[in-house]
Amino acid sequence: MMTMTYKQVDTANVPFHVNELFPAYEDLNHPSIQLLKDRYQLDAVVEGIDGEFDRMLALRAWIKANIEINDPNPTEVDHQYAIDILDAALEGGGFHCAHFSIVQSAILNAYGYVCRRLGAGDGRLERGKYHGVNEVWVNEFNKWVLIDAKYDLHFEKDGVPLSALEMRDEVIKNEGADVNKTYGPKREVKKEEFVEGIETYRWVNWEMDTNRFTAFPSHGSSAAVLLDDEYSLNNTWYRDGKENWAYAINFFVHTTHRNWIEWTPNVVKANCKINGNQARIRLASCTPNFKTYQ
């Protein structure tokens with residue numbers, strides 16, 4: 001009988017961080033998922049596009065092309081629901097950032113990407129601007145990427161798309177001097193400013209429930225995750241010229257763990273123990289909507 005000899009070799013795997021804070025995922029078997037794709041012929045938008053991030057950018061560009069911006073007087077819809085918003089938009093309605101983020105979250109999740117909604121603000125008493133965007137896990141980069149459908153935009157540093165927390169780091173460090181505003185499917189770098197500028201990401205919080213689309217109409221207002229670090233503990237987030245309303249009603253869910261916010265979908269942690277000619281391997285993953293992995 002042949003005796004097997006095992007040798008364990010360390011590799012530069014992506015660190016695994018379990019999901020501790022975000023309790024819900026979109027149900028990809030829900031009929032609304034296929035309805036969303038079919039109703040707006042979204043498969044045609046990504047047809048022939050192979051790269052995962054390229055597909056995300058194509059979908060983002062489609063949203064931007066089909067929803068008009070109307071911040072002061074958004075079109076009234078019965079529900080803050082992606083299909084209602086899109087139906088109204090395709091009839092000429094206009095919307096603000098929250099509506100764009102609701103639609104983008106639904107569409108990206110419909111294609112199996114783990115996408116969530118977040119809010120950001122400059123936090124300054126004299127300005128207090130606020131903006132709603134999304135963050136999506138990109139397997140190509142093994143990281144979260146901030147993605148803005150309202151402006152067909154994301155941010156890059158040294159050619160790498162940034163997460164919301166990475167953007168916040170850059171703003172706090174040097175007002176985002178090293179960050180490029182990157183537009184469209186071709187990732188074009190443009191220098192002109194826009195309403196919600198780089199400084200808007202001095203503060204960020206994440207919607208905890210990430211199943212807004214398929215949980216409709218039962219989805220209510222979700223609490224928001226806020227990172228408690230040196231900056232947030234020693235400063236106050238102002239919005240619209242006054243202290244952010246979320247403080248007073250304890251709407252924030254505070255955490256000191258950055259890795260709990262930037263948990264890692266689709267990453268497998270392998271624990272291997274070798275005892276003589278036996279190897280015992282245990283795998284752990286936090287991968288939404290997959291029943292098994294091999």
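What radius of gyration would a compact globule with 294 residues have, and which value does the protein have?

1. Overall dimensions. The model discussed here is predicted, so local features need pLDDT of at least 70 and side-chain atom pairs count only at pLDDT 80 or more, while totals for chains, interfaces and linings use all residues. Residues are numbered from 1 along each chain as its sequence is written, and side-chain values use heavy atoms, with hydrogens and water left out. A compact globule with 294 residues would have a radius of gyration near 19 Å, and the 21 Å of the protein agrees with this. The radius is taken over C-alpha atoms, and the globule rule is 2.2 Å times the number of residues to the power 0.38. Along the principal axes, the C-alpha atoms fill a box of roughly 80 × 50 × 40 Å.

2. Composition and burial. The protein has nine helices and 18 strands; these are DSSP runs (helices: H or I, at least four residues; strands: E, at least two), numbered from the N terminus. Of the 294 residues, 49% count as buried, meaning under 20% relative accessible area with a 1.4 Å probe, protein chains only.

3. The cores. In soluble globular proteins, nonpolar side chains tend to be buried together. A nonpolar core is a set of buried Ala, Val, Leu, Ile, Met, Phe, Trp, Tyr and Cys residues joined through side-chain atoms within 4.5 Å. The largest one has 39 residues, of which L36 and I107 touch the most other members. Among the elements that each supply at least two residues of this core are α1 (31–39), α5 (97–110) and β6 (143–147). A second, separate core of 30 residues includes F22, A164, V179 and Y183.

4. Residue L36. Leaving aside residues up to four places away in sequence, L36 touches L42, I83, L86, A106, I107, A110 and F213; contact means heavy atoms within 4.5 Å.

5. E135 has L146 in β6 as its bridge partner. Four residues lie between the two strands of this hairpin, and N142 in the turn has a positive phi of about 55°. Both faces of β6 are covered: K143, V145 and I147 are buried on one side, W144 and L146 on the other.

6. Helix α6. Within α6 (residues 164–174), the buried residues are A164, L165, M167, R168, E170 and V171. E175 follows α6 and has a positive phi, near 60°.

Methods
Buried means under 20% relative accessible area, exposed over 50%, partly exposed in between (1.4 Å probe, protein chains only). Two strands pair if DSSP finds at least two bridges between them.
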